[in-house]
Amino acid sequence: MEFVVNDQFSIAQLVLDASWVVKIVMLMLLFASAASWFIIAKKRSLLAKSRRSADAFENEFWSGSDLGRLYQGLERKAGRSMGMAGIFESGFREFGRISDRKDIQSEKLIESSRRAMRVAQTREVDRLEQSLATLATIGSTSPYVGLFGTVWGIMDAFVRLGSSGAAATLELVAPGIAEALVATAMGLFAAIPAVIFYNRYADQVNRLENRFDNFVEEFSTILERHAHSPRLAK
């Protein structure tokens, strides 16, 4: 589909006629837009999978099933447990590892388990936040990159007009300005989706982090009640 500006110019023609600096700016913005959409699609899949995994684990955890069997089931699965299941596995493993020590105080036992869960939680949040900074950078810088291309293109149009010796008329200046403004449009095209989805995904990551925080505290309370029960860690 070709977007026609007037009878003589189209968007494609304006891009082709732009100066090499403006073309480089447009290529950078095109790459940034493609990268942002790749991140958006990948992050959408990851966050949706993380929410489903957290929902499924919470349903199983609070169903009253034996925690030892739940832990053993996670250990038998191929690969490292992720999300809330990984946090539970880290805390339960640490609890079982040191609960048989007779010299360990219950407070230190719970604190050690909570610390292990916090480490797993930090690792999980880092995984969820990966590439969000890139999305934020694209969203915040693309308009300025496009504006640079526009300013450069307008300057180049006036320089060419001045060197030609022709009188400055709208008919002579308009094509060059139109070429330059394409860079601004491309900058906005790259920035707007990046900003929208960054805000949306950052909020979703924050919500998942809050769920992890609540689970760590709730599971720590359960471990505290069973701190002297060797049966839990077996």
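1. The largest nonpolar core has 40 residues, and those touching the most other members are Phe 57, Phe 61, Leu 67, Phe 88, Leu 135, Phe 215 and Phe 219. Such a core is a set of buried Ala, Val, Leu, Ile, Met, Phe, Trp, Tyr and Cys residues joined through side-chain atoms within 4.5 Å; buried means under 20% relative accessible area, exposed over 50%, and partly exposed in between (1.4 Å probe, protein chains only).

2. A word on the source: this is a predicted model, where local features need pLDDT of at least 70 and side-chain atom pairs count only at pLDDT 80 or more, while totals for chains, interfaces and linings use all residues. Residues are numbered from 1 along each chain as its sequence is written, and side-chain values use heavy atoms, leaving out hydrogens and water.

3. Back to the core: α2 (20-61), α3 (67-76), α4 (83-98), α5 (106-129), α6 (132-164) and α7 (170-225) each supply at least two of its residues. The biggest share, 11 residues, comes from α7. Helices here are DSSP runs (H or I, at least four residues), numbered from the N terminus.

4. Leaving aside residues up to four places away in sequence, Phe 61 touches Leu 67, Leu 70, Phe 88, Phe 215, Phe 219 and Ile 222, with contact meaning heavy atoms within 4.5 Å.

5. There is also a second, separate core of 6 residues, including Val 22, Val 25, Leu 29 and Val 182.

6. Do have a look at α4: 14 of its 16 residues are buried, so this helix is largely enclosed by the rest of the structure.

7. Finally, Trp 152 lies in helix α6 and is partly exposed, with a relative accessible area of 35%.
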